[in-house]
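I opened this entry to record what I looked up about the ligand site and the packing of helices.

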Amino acid sequence: MTLQERDKKHLWHPLTQHKLHPNHLAITKAKGALLFDDQGKEYIDGIASWYTCMYGHCNEYITAKVSEQMQQLDHVVFAGFTHEPAIKLSEALMQILPKNQEKIFFSDNGSTSVDIAIKMALQYHFNNGEKRGKIIALEDGFHGDTFGAMSVSGLSVYNGPFEDFFIDVARIQVPTEENFTAVKKQFVELIRTHKVAAFIYEPLVQGAAAMKMFKAELLDELLAIAKEHNVLCIADEVMTGFGKTGKDFASMYLTNQPDIICLSKSLTAGLVPMAITSCTEKVYNAFLSDDIGKGFFHGHTYSANPIACTAALAGIELLQTQEIQDCIERITKAHADFDAKIKQHPKVKETRQLGVIYALDLNIEMDRYGDLRYKLFNFFMENGVCLRPLGNTIYILAPYVITDEQLQKVYRIIEESLGII
Ligand SMILES: *Cc1c(COP(=O)(O)O)cnc(C)c1O
């Protein structure tokens, strides 16, 4: 039996209707920006496996560090114990995170980092003697699939069975020049009339909403209002973190810095899962007390796993090298050149870019998961390029180490795909 046939026997894949989509391509190897299937065919990983392996698959620097760590200390409970990989990672993060961040709390994935951020915000107010239960979030935001993260995400057609169990969330539109007066008014009104604990947002780029981008100045105004009213600002940088926007974190384009930041995905460079929720001294101090109950009683078994911490540390070291910074500059420029050309195409409605994140909307109305998406996806894969269109949006978010040649191929195949739609 082939891997694909054996897969069908016992495996249940994420985000998949198995009746409609029973087949899953078996990948046996990955290196740099390339994936290889069980037939030996290669694919350029144009989305860095959901923006995780930004320094390239099986990066030798990172795998060497991780192998070494595996021989030394595999795992130890992080409640009551500590270890050097976690300490070094915290120190490295303090060098690159927005300056107001002081403490880091570990978990396992982007969704848990968001759930933790929400719990931190709710308990922050609770510990300060105030019961605030409402969270403000952006429409079309995506923050993950656990209950808390799902609650603050934009309403999805797939949320039906769970909606009655969501936490209390108010959604505002993503701010634009056109709607800003109304959005700002609604934001102020919500804070005035409700007990708002926190405002959560993906700074500047909403990943799952097909790389929707919005202006830093507008978000900054909302953050200033939130801060005036002690509404904690939660920046979900799970997608935007670690250089993708052209700065280490998207929040660095803003004047008002978040109280809490969520990190995952490329945090561990695609090797192993881990997430971090960082916060300011102000947030942390609200949990310090002689009363044990004011502590943050949340903990995952694999918190601060030394191997994951080592992968994260090695990733941050690479991010800071001239080599990777040059890659970011090179890709940013290549995207801009491609954009100048492709945006004239009659099948292209709109394009947008921030750093190495590039997206183009097709001039075609369609359901988000309509047939065209599969037609395009299949065309890309047949041509050796792994891209996953979101609705009528094609986006590129490739590993920083993608070569010029590979990048040009991605552009060429996208251009050719416009001919089949
Ligand atoms: C992917 C993502 C999440 C969820 O992360 P998981 O590791 O898939 O749980 C949360 N927020 C943003 C912005 C994401 O892109």
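I take a crossing as left-handed if the near helix is turned anticlockwise from the far one by less than a right angle, and as right-handed if clockwise. The model is a predicted one, in which local features need pLDDT of at least 70 and side-chain atom pairs count only at pLDDT 80 or more, while totals for chains, interfaces and linings use all residues. Residues are numbered from 1 along each chain as its sequence is written, and side-chain values use heavy atoms, with hydrogens and water left out.

Helices, taken as DSSP runs (H or I, at least four residues) numbered from the N terminus, came up next. I found that H12 (residues 371-382) and H13 (residues 404-417) pack at about 140 degrees with their axes 10 Å apart, the axes being lines fitted to C-alpha atoms over the stretch in contact and the angles running from 0 to 180 degrees between N-to-C directions. H12 and H13 are therefore oblique to each other, given that angles under 35 degrees count as roughly parallel, over 145 as roughly antiparallel, 65 to 115 as roughly perpendicular and the rest as oblique. The crossing in which H12 passes H13 is right-handed.

I then looked up H11 (residues 322-342), whose axis comes within 11 Å of that of H13 and crosses it at roughly 25 degrees. H11 and H13 are therefore roughly parallel to each other, and their crossing is right-handed.

A ligand nitrogen atom is 2.7 Å from a side-chain N or O atom of Asp-236.

Conventions: A polar contact is a pair of N or O atoms within 3.5 Å; within protein, one must be able to donate a hydrogen and the other to accept it, and residues adjacent in sequence count only if both atoms are side-chain atoms. Helices (H or I, at least four residues) and strands (E, at least two) are DSSP runs, numbered from the N terminus.
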